[in-house]
Amino acid sequence: MSISPDLSVAATAVGGALAAYLLLGEPWLGRRMYGSLARRRATEPGALVRYFGYVIAAWWGLAALAVAVLLLSPGAAPADFGVTLPDDAPYTVPVVLLFGVAAAASSRHFQELARQGKHIPGRAAIEAMLPRTARERRLAVAAAVTDGICAEFVYRGLLIAFGVGALGLPLYAAAALSLAVYALAGWYQGGTGVLVFALFGALLTGLYLATGSLLLSVAVHVMLSVRDLTIPAPDPAVREAKHGVSAP
């Protein structure tokens, strides 16, 4: 993979502001918002609906700024931001299918663990975001799809192009920097979340660098995000029983 984005002064300014927000603002805001959701989830029925609504709107706003960076740079091509077909397009479909099967199988496994009242790996870290109603579930899927599309374009497409075109970094150094920024976005889940985001981001970054396209990264991100955000929420009655509290 090779990119050579020639960013204009205006594009560099917008891209720099966006990169600064992702590095300094997003981890703090994400942690604050999730903490607020966790506190209000049990007492405010519409808390999760509002949370997902904000998340969806915010992601598309960030993606729009990333598009602006591209449009403001006559010397940059969409391919510099990963908006192109994979280098080995015929091999992309089998890989997507493989990840799809893995995501579906693990989702069914999580559903079965939930039915049996057993521990589901990683559920506690995102418990406040797990839907309990049909409306919440629809919004969870919409948020997962939005996250998969916009996060890849912003964190992988924009930040790597910005690192190469504006900071003059080699491709892999720019990719490493974008991965570090993405890992910090997991801070809302604590230190473990940063590690999980780093590992997940490394997979997605590797797929992007290997194919020269965001298509595979977006597909994998969407599938795994949908799986995670549709994990069955724990039954409050069961949780209270485990803590020795009688349900009202």
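I began with the charged pairs and found R40, E44 and R50 linked in a network of salt bridges. I count a salt bridge when a side-chain nitrogen of Lys or Arg is within 4 Å of a carboxyl oxygen of Asp or Glu. The model is predicted, so I took local features only at pLDDT of at least 70 and side-chain atom pairs only at pLDDT 80 or more, while totals for chains, interfaces and linings use all residues. Residues are numbered from 1 along each chain as its sequence is written, and side-chain values use heavy atoms, with hydrogens and water left out.

**Salt bridges**

I searched the whole structure and got 6 salt bridges. In the one between E44 and R40, the closest N and O atoms are 3.2 Å apart. I looked up accessibility, with buried meaning under 20% relative accessible area, exposed over 50% and partly exposed in between (1.4 Å probe, protein chains only). E44 is partly exposed at 29%, and R40 is partly exposed at 24%.

I then looked at E136 and R41, whose salt bridge has its closest N and O atoms 3.1 Å apart. E136 lies in helix α4 and R41 in the loop between α1 and α2, so this pair ties together parts 95 residues apart in sequence. Helices here are DSSP runs (H or I, at least four residues), numbered from the N terminus. E136 is buried at 4%, and R41 is buried at 8%.

I also noted D228 and R227, whose side chains meet in a salt bridge at 2.8 Å, N to O. D228 is partly exposed at 25%.

**L48**

I placed L48 in helix α2 and read its relative accessibility as 0%, which counts as buried. Leaving aside neighbours within four places in sequence, L48 is in contact (heavy atoms within 4.5 Å) with residues including R41, M129 and E136. L37 is another of its contacts; the C-alpha atoms of L48 and L37 are separated by 7.0 Å, at 11 residues apart along the chain.

**Largest pocket**

A pocket is an open set of points on a 1 Å grid over the protein atoms alone where a 1.4 Å probe fits, with protein on both sides within 12 Å along at least five of seven lines; lining residues have an atom within 4 Å of a point.

I found 40 lining residues, with M129, D147, Y188, Q189 and F197 nearest the centre. Helix α2 gives the largest share of the lining, 7 residues.

Methods:
Helices (H or I, at least four residues) and strands (E, at least two) are DSSP runs, numbered from the N terminus.
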